[in-house]
Amino acid sequence: MILAATLLSTMVASVTALNNATTTPPLSSEPLPTVTALDLDSYQGHWFQMYDNLRAEIFTPKNSQCVTADYTIREDGKLGVHNYGINTEGKVSVIDGYAYYAEEDVIEPGQLKLHLDGVPSEADYWVNGLG
């Protein structure tokens, strides 16, 4: 089952540097609200990037095509992440990793941490809406 979703993974240092009112509303220093419930089993599947803007380009090269993410529940309970895209030269770009809750007591179900293989630091992975 493919779900349509609005997702935003937030890397505060990168996001605050971006502000282009012609393509994207100005970014605020206020955090966006996240979903109050997130069923990770239902979140599994093959997801498609539906649009591209400055926020999305933080994580995928500009004008990438066929951008997808595959999510699976790993044996350790973390959410496996496999991102795929094709750049403007036709080269395939792939990165793998996982998302997890930083605390055992989940207070904010839509706020996870993201680890991507080969990236030296982790980032926030926030789910802002599902639908």
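Ring pairs link Tyr 43, Trp 47, Tyr 71 and Tyr 125 into a cluster, where rings of Phe, Tyr and Trp (its six-membered ring) count as a pair if their centres lie within 6.5 Å. This is a predicted model, so to speak of local features needs pLDDT of at least 70, side-chain atom pairs count only at pLDDT 80 or more, and totals for chains, interfaces and linings use all residues. Residues are numbered from 1 along each chain as its sequence is written, and side-chain values use heavy atoms, with hydrogens and water left out.

**Overall layout**

- The protein chain has two helices and seven strands; both kinds of element are DSSP runs numbered from the N terminus, with at least four residues (H or I) for a helix and at least two (E) for a strand.
- Reading from the N terminus, the order is β-α-α-β-β-β-β-β-β.
- Of the 131 residues in the protein chain, 29% are buried. Here buried means under 20% relative accessible area, exposed means over 50%, and partly exposed is in between, with a 1.4 Å probe and protein chains only.
- Take the contacts between residues at least 6 apart in sequence: 48% of them join residues at least 24 apart. Contact means heavy atoms within 4.5 Å.

**Strand pairing**

- Strands S4 (residues 79-86) and S5 (residues 92-100) run antiparallel and are joined by eight bridges; two strands pair if DSSP finds at least two bridges between them.
- One spot to look at in that pairing is Gly 80, whose bridge partner in S5 is Tyr 98.
- S4 and S5 make a hairpin with five residues between them. In the turn, Gly 90 has a positive phi of about 90°.
- S5 also pairs with strand S6 (residues 111-116), again in the antiparallel sense, over four bridges.
- Opposite Tyr 100 you'll find Lys 113 in S6.

**Aromatic rings**

- The structure holds five aromatic pairs.
- One of them is Tyr 71 with Tyr 125: the ring centres are 6.4 Å apart and the planes sit at 65°, so the pair is edge-to-face. The angle classes are stacked for planes under 30 degrees apart, edge-to-face for over 60, and tilted for the rest.
- Tyr 71 lies in strand S3 (residues 65-73) and Tyr 125 in strand S7, so this pair ties together parts that are 54 residues apart in sequence.
- Tyr 71 is buried, at 5% relative accessible area, and Tyr 125 is buried too, at 4%.
- Tyr 98 and Tyr 100 form a tilted pair, 6.0 Å centre to centre with 45° between the planes. Tyr 98 counts as buried, with a relative accessible area of 17%.

**Salt bridges**

- The count comes to two salt bridges, each being a side-chain nitrogen of Lys or Arg within 4 Å of a carboxyl oxygen of Asp or Glu.
- Asp 76 and Arg 74 meet through their side chains at 2.5 Å, N to O. Asp 76 is partly exposed at 45% relative accessibility, and Arg 74 is partly exposed at 31%.
- Asp 124 and Lys 113 also meet in a salt bridge, at 2.5 Å, N to O. That pair links distant parts of the chain, with Asp 124 in strand S7 (residues 123-130) and Lys 113 in strand S6, 11 residues apart.
- Asp 124 counts as buried at 18% relative accessibility, whereas Lys 113 counts as partly exposed at 29%.

**Around Thr 34**

- Thr 34 is in the loop between helix H1 (12-16) and helix H2 (40-43), and at 12% relative accessibility Thr 34 is buried.
- The side chain of Thr 34 makes a polar contact with the side chain of Gln 111, at 3.4 Å. A polar contact is a pair of N or O atoms within 3.5 Å; within protein, one must be able to donate a hydrogen and the other to accept it, and residues adjacent in sequence count only if both atoms are side-chain atoms.
- Setting aside neighbours within four places in sequence, the contacts of Thr 34 are Glu 108, Gly 110, Gln 111, Trp 126, Val 127 and Asn 128.
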